[in-house]
Amino acid sequence: MSFFNQRRLFRKKEDHSGKKIFSGYPSESPVRIYDRDYWLSDAWDPLSYGKDYDFSKSFFEQFRELLKSVPLMAISAGEHVNSDYCNNVDNVKDCYLCFDGNTSENCHYLVGFSDCRDCMDMYQCGESELCYELFSAVKCFQCYFSSELAECNNIWFSRDCYGCQDCFGCANLKNKKYHIYNQPHTKESYESFIKGQQLNSYTSFTEARKKAKKFLASQPQRYMHGAQNDNVVGEYVYHSHNVEFSYQGNEMEDVKYVQCMGRNLRDCYDYTSWGGAELVYESVNSGFGLSGVMFSFNCADSVSDVEYSAMISSSQHLFGCIGLRNRKYCVLNKQYSESDYFTIRKKIVAQMATILYYDRKGKTYTYGEFFPPEMSPINYKQSLAMDFYPLSDEEIESEGYKTGEVGLKAVKSTIDASELPDKISDAPDVIVNEVIGCDSCKRAYRMIPKELEFLKKHNLPIPRLCPDCRYSERIKDRNPLTWWQRTCMKAGCEKQFKTSFDPTVKAIVYCDTCYEGEVG
Ligand SMILES: [Zn+2]
Ligand SMILES: [Zn+2]
């Protein structure tokens, strides 16, 4: 995880043109970068960086040198139209600051998404349209500030609802309409209630959200979020079978310790982001047609039998390679014949057991482990690991991770968030020219014209937090990537389960049976 920059963009010098461009790698990173289009062209040859394997040196040391020399693609993007400020995306159009997703149009500030249209500020969502501030939602339309929704329409401040329409502040409902705080209403009384909430004003909106949050906290939750699973210990897992200790994923079978997945995964172990793979082990930010990939990062698109490699596509039988496309039988970016490849690979694996790599903490690395964390192209705070396991500077140092700050640029604000108009209708179009000081972190941010247009269309107040703080708020209620053995909290039930609900956090956690009894 410490190798995966999921959602940050930096400005870094491009090695071909010398110009500063946006990149997933920070300026201080020792890696070299090429602009995506140049990287994908035939104008350069990654094999020209090939090296003979030196059996007197550790493998990891030699890989580290290669990682400093072979240029990486500045951002990982497949097809994208007018979506320059996105990373780890494919098939996106008119998207802005969207990360780790695909097949979406006209979306802003999304992380972990697929098939979304006209959505903003969402995390782990799919097949949704005209939605705002959702966490974990699928097939939703015009839903707001809610989590764990499926096939819902016009929902506000709700959690764990399925097939519902026009509900406000509800939890654990199935196929319901016109409900407020889990109570049924007529169409007329529901509509007049919504009108009375004045959700277009920041003040009344904040009040309404607070009240709904309080109600949701009083409602029980299932010990794991998921649906249509069989034999699963996990969290946010759907349509899966034989899964253990895994977090976020769809259509998975026979996997353990996998996290942040899209869909379609079989026989994988210890793998973070993003799916479409089988037989993957100890790898990160890789997917789509992967088979037999181990100890690798940023590999995609028909890659098989590849070990200790980075940014590989459409290739097979590689060891310790970087940036190769349509290649076979290479070691450290050097081409071998088929038989020589398998001979040298065997020799290297044996050599790795005798010539170890020592990291700065004196920890040793050999064949069978992922790269030492200090070799990551990004520092710990810039990586996904920080989102799941926030560490202090001292802990980052003592664990041997790469130290350093996130490195966000400081810009002077022209207006404080508290000075923004209360009602969206009072916000002039020129507000997009202002540099707003975030209510929480005080860092400056801007709204783009499309964002203002979205808020006006939905009649919602301008958020007073910067996109980064909004993201942090959104994932605050997300369960941690840690497991506890707990007992059902329904009086009289003693059923035990493994759950990612932290026992020190106030939440009413029920077993499957007791939860089903609560669903209205
Ligand atoms: Zn902020
Ligand atoms: Zn129970």
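This is a predicted model: local features need pLDDT of at least 70, side-chain atom pairs count only at pLDDT 80 or more; totals for chains, interfaces and linings use all residues.

**Entry 1: a tryptophan in a strand**

I began with Trp274, which has its place in strand S22, residues 263–294.

**Entry 2: positive phi values**

Next I went through the backbone angles. Which phi value does Asp121 take? I noted that phi is near 50° there, a positive value in a residue other than glycine. Asp121 is found in strand S9, which runs over residues 120–126.

Phe145 is found in strand S11, residues 141–150. Is Phe145 buried or exposed? I have it down as buried, with 23 other C-beta atoms within 10 Å.

**Entry 3: helix H5**

I gave helix H5 a page of its own. It covers residues 338–354, 17 residues in total. From the first C-alpha to the last, H5 reaches 25 Å, close to the 24 Å expected at 1.5 Å a residue.

Which residues of H5 are buried? I listed Ile344, Arg345 and Ile348. Looking down the axis of H5, I see its buried residues fall within an arc of 110°, so they line one face of the helix. On the face turned away from that buried side I found the exposed residues Ser339, Thr343, Lys346, Ala350, Ala353 and Thr354.

I then asked what covers the buried residues of H5. The cover includes helix H2 (59–69), together with strand S24 (313–319) and strand S25 (328–331).

**Entry 4: a sheet of three strands**

Three strands form it, in the order S29-S30-S31, and their pairing is mixed. Which strands are at the edges? They are S29 (415–416) and S31 (444–445), each of which pairs on one side only.

I followed one of the pairings in detail. Strand S30, residues 436–437, pairs with S31 in the antiparallel sense over two bridges. In this pairing I noted Gly437, which stands opposite Ala444 in S31.

**Entry 5: domains**

I looked up how the protein is divided, and the assignment gives domain 1 as 415–475 and domain 2 as 484–518. How many Å separate the centres of domain 1 and domain 2? I wrote down 38 Å, with the centres taken over C-alpha atoms.

**Entry 6: the whole protein**

I finished by stepping back. I count 10 helices and 34 strands in the protein. Its radius of gyration is 24 Å, close to the 24 Å that the globule rule gives for 520 residues, so the protein is as compact as a globular protein of that length. Along its principal axes, the C-alpha trace spans about 75 × 60 × 40 Å.

Two percentages went in last. Of the 520 residues, 46% are buried. Among contacts with a separation of 6 or more, 31% are accounted for by residues 24 or more positions apart.

Definitions and conventions: Residues are numbered from 1 along each chain as its sequence is written. Chains are lettered from A and ligands numbered from 1 in the order in which they are written. Two strands pair if DSSP finds at least two bridges between them. Helices (H or I, at least four residues) and strands (E, at least two) are DSSP runs, numbered from the N terminus. Domain bounds come from an automatic or database domain assignment. The expected span of a helix is 1.5 Å times one less than its number of residues. A residue is buried if 20 or more other C-beta atoms lie within 10 Å of its own, exposed if 12 or fewer, and partly exposed in between; C-beta atoms are placed from the backbone. The arc is that of the directions from the helix axis to the C-beta atoms. Two residues are in contact if their C-beta atoms, placed from the backbone, lie within 7 Å. The radius of gyration is taken over C-alpha atoms; the globule rule is 2.2 Å times the number of residues to the power 0.38.
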